[in-house]
Amino acid sequence: MRRKASGRPAPDGRAGARRESRPDLRSALPLLLIPAALGAWIHRGAAGAFFSPDDLLYLERAHGFLPFPAVPWRLLSGRLYYLAAFPLFGAQPAGYHAVNLALHALNTWLVGIWALRRGASRPAAFLAAALFGTTSLAMTAIWQVVGVGELAAAGLTLIALLLFASSATLPRRLGIAAHAGALLCKESVGLAPLTALLPSGTGRPGRAPWGPVATALVLSLAMWAFALSAPVRSVSLQGEAYAMGWGPHLVSNLLTYAFWSADLFGPAPAGAAVPWPAGAVGVAVLCCLALYAWRSSSGAARGGLALWILALAPVLPLKHHVYEHYLYLPFAGWAIAASCLVTDAILWIGGRLKGRGGAARPRPERLVAGATWIAVLAVVLLHGLAAERAIASRSTLRVAGSSLLADPMLRKMQIAANVRHDLAAALGPGADRVLILTPPASVRFFSVEANRQVDEAAAQGAPRYDLLAAVLDDGRALRALLPRLRYARLGQHLTSADTNCVLATHYPDGRLLVFGRGPAAHVALAEVWAQSGYLQDARVHLEEARSLYPGAPELAEAARRLAGAPAAEDRR
C-alpha cells in the first residue's frame, strides 16, 4: 500500500525550491540569453586578439604549406573546421575569434538549460550560466583560434546530455551522434556521458539511458585507443605536453584545478600548479559541494559535480602541464553545483526569516524569491567585475624591464602581431622573400619557470625556448601570416638560399627593423649590429654577405671600416 501523506509542511525554504524544481523550460530560455550576452561581453577583447603559435600552425596547414596529420584525430576541430573557415576568413583573425565568441555564448545558454533540465531553480540556472559565461578561466579557450576544439566539444557534450535526458529513442540516438562529434573535437570529454545516468531532480518518470550511454562509452574507448596508438602519438600527441603517467602529480593537478574552480573572485591563474595549502582550500570547497549535493538530493548539484570530475579526470594524468582551458567544460559543472548551493542557502535563510515574521507579513514567498534574485544578481555582478579585472590585468601586465606581456598566451600573440604589422608595412611590390636575422651573441631564451628572458648560459638546466622561433615556427609561420611570401626564414647566419631576400632584424617583442634588399641592406644591418655592441657578429655577417654578393664594393668598404673599429665596442 502507498504511504499516506502526513500533511506536515515541508521544512523552511524547501517549498519554494520544490515549486521551482519543475520550471517551464520554454519560458526560461529567453532569460538565459542574458548570461550568454554577459559572457560574450566579458570576453569581448578576444575580438581584437591575434593568432597564437598553435593557430599559425593550423593556418599553415590550411594554406597547404604543411600537410594535415595523416590520421583523422580531432577531425572536426583540427581539420574540417579550418578547411571550411579558411576560405571565409583567410589570414585575418577577427572572423575566427567571432566564431569562438558565438560558441561561448551558445555554451553559456546550454549550461543554463541543462541546469534547469536537471531540476535547478531559475535563479540557480541563471547564476550557473552567468558564472560559466563570465569566468576568466575561459580566456585561453576563447581567445585562441584553436580553442574552437574546446568550445565545440563542450557544446556538443551539453547537447548530448540534454538529448540523453529524453525518454524517446530518437533524441537519445541523436545524443550518441552529438557525443561522437564531441570526441572528434576533443577526446577528453569521453567520460561525460556517465553524468546522464544520475537521476535528475525534476521528478519526471523515465528509465536511465543505459543503452545510449553504454554506446557513447564504447565510442570513447575506441577514440582513446586510437589516440594513444603509435601512429597518432607520433604525429599529434608527442612532446612533454602530452606525457602521461601515474604519480603524485595526479594529486597536485587535482588540487590546482579544484582551487582554480573555487576561486571565483580571485585573479586569473598564473598557469602553474598552485601550492598545496591553496589547493587544499579548493578541495575543502569541493567536499562542501559534495556534502551539500548528497544531503540535499539536488539532481542539478549532483550532475554538476559529476560533470566536473568526469570531464577533468582524463587530463589529470598529464605530468608536466596544467592549463585553464582544460577546465572549460568541467567548470560548467562546478558552476551549476555552486549555484544550487548558493540559492538553496538563500532560500533556507529566507525560510527562517519568514518563520520568525509570522503569518501577518504579506506574501512571504514573493519576498524570499525577490531576495533570492537580488542576491544572485549581486554575485553575478561581483564575479563579472572580478573577471573583468583579471582579464584586464592579463592584457596589460608586462615582464619586468621589458615591453613583453607577462601572460604567456598574449605575449606570443603580441610578438606575432608585431612581426606581421612591420613586415606588411615594409614589403614592397614583388618582395616575396624574407630573412630575419639575429646576432648570435644577442640570442636570449625565455625561461618557462621564471617567465622572463634569460641568457642561454643562465637558462641551462631549466625549461626554455627561443621565443621568436617558437612563435613563428622557425619562420615557417610567416607564410601563414603573409601568404604572398614564397620564402621566409629566421636565422643567425646567411645561407646560399638567402639571395634577394628582404632583410630584417628584430627586437625582443617581435618589432622589426627592416633594411630592404641587396648589398646595401646587409651593410645597414651590419652597422646596426656594430652600433648595438655586436661588432664581431657584424664582421662575420659582412663576410657571409660578400660570399653571397661577390664583387659588391659597398660590402668590401663596410668590412674594411668595421675591421678597424675598436674591440671595446663588442658586447662579447
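**Close-up views of a predicted model**

View 1. L264 counts as buried because its relative accessibility is 18%, and the limit for a buried residue is under 20%. Leaving aside residues up to four places away in sequence, L264 touches L131, F331, H383 and A386.

**View 2. The open sheet formed by four strands.** The order of the strands is β5-β1-β6-β7, and their pairing is mixed. At the edges of the sheet stand β5 (487–491) and β7 (512–516), each of which pairs on one side only. On average, neighbouring strands of this sheet are turned by 20 degrees against each other, direction ignored. In general, the strands of a sheet pair through backbone hydrogen bonds, in either a parallel or an antiparallel sense.

**View 3. The pairing of β1 with β5, and helix α18 on the sheet.** Strand β1 comprises residues 433–437 and pairs with β5 in the parallel sense, over five bridges. Within this pair, V434 stands opposite A488 of β5. Helix α18, formed by residues 408–426, packs on the sheet and touches β1 and β7. The direction of α18 makes about 25 degrees with that of β7.

**View 4. A nonpolar surface patch made by L76, L80 and L83.** The patch covers about 240 Å². One of its residues, L80, lies in helix α5, which spans residues 75–89. Is L80 buried, partly exposed or exposed? L80 counts as partly exposed because its relative accessibility is 42%, and this class lies between the limits of 20% and 50%.

**View 5. The protein chain as the setting of the close-up views.** The chain has 23 helices and seven strands. Of its 572 residues, 51% count as buried. The accessible surface of the chain comes to about 25900 Å², and carbon and sulfur atoms account for 62% of that area. Among contacts between residues at least 6 apart in sequence, 73% join residues at least 24 apart.

Key:
Residues are numbered from 1 along each chain as its sequence is written. This is a predicted model: local features need pLDDT of at least 70, side-chain atom pairs count only at pLDDT 80 or more; totals for chains, interfaces and linings use all residues. Side-chain values use heavy atoms; hydrogens and water are left out. Patches are made of residues with over 30% relative accessible area and no salt bridge: like charges are joined within 9 Å, nonpolar side chains (Val, Leu, Ile, Met, Phe, Trp, Tyr) within 5 Å. Accessible areas come from the Shrake-Rupley method with a 1.4 Å probe; for residues, only the protein chains shown count as cover. A salt bridge is a side-chain nitrogen of Lys or Arg within 4 Å of a carboxyl oxygen of Asp or Glu. Helices (H or I, at least four residues) and strands (E, at least two) are DSSP runs, numbered from the N terminus. Buried means under 20% relative accessible area, exposed over 50%, partly exposed in between (1.4 Å probe, protein chains only). Two strands pair if DSSP finds at least two bridges between them. Axes are lines fitted to C-alpha atoms, for helices over the stretch in contact, and angles run from 0 to 180 degrees between N-to-C directions. Contact means heavy atoms within 4.5 Å.
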